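Here is a short briefing to read with the model open beside you.

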Amino acid sequence: MAEKFNMREAALDTLIDMERNHKLSHIAIGESLMRYQFASKQDRAFYTHLCEGVMERQIYLDYVLDSFSKVKMKKCKPLIRNLLRISAYQILFMNVRDAAACNEAVAIAKKRGFRSLSGFVNGVLRSLVRGKEQIVLPDKNKEPMKYASVRYSMPLWLVEFLKEKYGEKTMEMILDSFLQVRPTTIRTNLSAITPKELERELLEEKVTVSPGHYFDYAMEISGYNYLGKLKAFRKGLFTVQDESSMFPVEMADLKVGDQVLDVCAAPGGKTFHAADRVRKDGRVIARDLTEYKTELIEENKDRIQYSQVEIQQWDARVPDESLFGTMDVVLADLPCSGLGIMGRKNDIKYHISMEQMEELVQLQREILSVVWQYVRPGGQLIFSTCTLNPAENEENVRWISEHTPLSAVSIEEKLPESLQGRTGAKGYLQLIPGVDACDGFFVSKFIRGGK
């Protein structure tokens, strides 16, 4: 029998676990949901919303709580700090009675051995309830960067970084997009079903379906319980994949029977997209560094049943001479800072640093210095990332052109009509969240000379 599931207390424990052990949110939340797998769908959804919401709005929550508390959040004990955060999130952003949020917080403080601080918790939260309509943010005219940091709950250095790279107006559009609800985007597995047939199957399962923004095989879905219950998902008729990450395969000139290497493949979206194009006559080798990552690809392969996909554990920095000059297309969607997907992965903004971004550029170049050798003469390398950092994107395009025999080529003719005119002959496209209808993503294309 499952242990009783106290949603608020479970969320509190998860947030403390993440803070204390530097655990990624999807791992910490997933572990807890497995423990409470027999709880009601409503309870599990409340718990997930609370954990993810607090992570998303943490800087804003701490700023607001600091204005109602004599003790700053950073000086509070971890349990009290996170208890105040989850309670404030309920009061400010969820359809929860203010009294329930306050009373539950006090009860948890007492239960967890902080009876002496229960009055402090109650006082801060009651003050927030009374003053929540009069919350004052930093003055946008006098402190525009601090205002943006608090308003969009983004570390100040990242706000300044995005402003420097993209300008203040686009920076605000990017930050605002990260706080919006992210749709579930899927890609039709065209070797199994047509988009129209898939839409019909999903509608029969009472799923709400909307067309994608860029590709006719992409859709946005909602109104379902969870994916595993959908027959169309279990039958491998579609893959969950943001439209941004469909661009690498769409930009490649893939044909039935081609040989493809995906060098950093997990969880396998691009792998199976490529496999869908080359069909059973082709081959896609999907590689990643760890057993954990290759298992993620295996899970998808078990569902989609593509015999043309081979999954291998391999460090992309280690040359494999047996594959030199053999691949029609090499997909190099490399490890990056992930600034383009901070709306989906809230941890990134708290963990990334300028030093780490510089280290990632070096890692990318280590990988690129090896993987270009797998491209056959006349074949293609598709280099992509899910970041907004030019050092990891445009500067690597320049590095590839200067340090390998590959040449950047235009992807203009491959782009959806709404995006044409953005690249010229540069050979790359930067997709920007808030400007474009997808995650932030960078894609470029190179060809190896010769025959």
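Predicted model: local features only at pLDDT ≥ 70, side-chain atom pairs only at ≥ 80, totals over all residues.

Residues are numbered from 1 along each chain as its sequence is written, and side-chain values use heavy atoms, with hydrogens and water left out.

**Salt bridges**
- The structure holds 26 salt bridges (a side-chain nitrogen of Lys or Arg within 4 Å of a carboxyl oxygen of Asp or Glu).
- Asp 439 and Arg 344 pair at 2.8 Å, N to O; since both sit in loops, Asp 439 between strands E11 and E12 and Arg 344 between strand E8 and helix H16, the bridge ties together parts 95 residues apart in sequence.
- Asp 439 is buried at 4% relative accessibility, whereas Arg 344 is partly exposed at 35% (buried is under 20% relative accessible area, exposed over 50%, partly exposed in between, with a 1.4 Å probe and protein chains only).
- Lys 23 meets Asp 17 at 3.0 Å, N to O; Lys 23 is partly exposed at 22% and Asp 17 buried at 19%.

**Second largest pocket**
- Its lining has 13 residues, with Gln 58, Ile 59, Asp 62, Tyr 63 and Asp 66 nearest the centre (a pocket is an open set of points on a 1 Å grid over the protein atoms alone where a 1.4 Å probe fits, with protein on both sides within 12 Å along at least five of seven lines; lining residues have an atom within 4 Å of a point).

Note on methods
Helix = DSSP H or I, 4+ residues; strand = E, 2+ residues; numbered from the N terminus.
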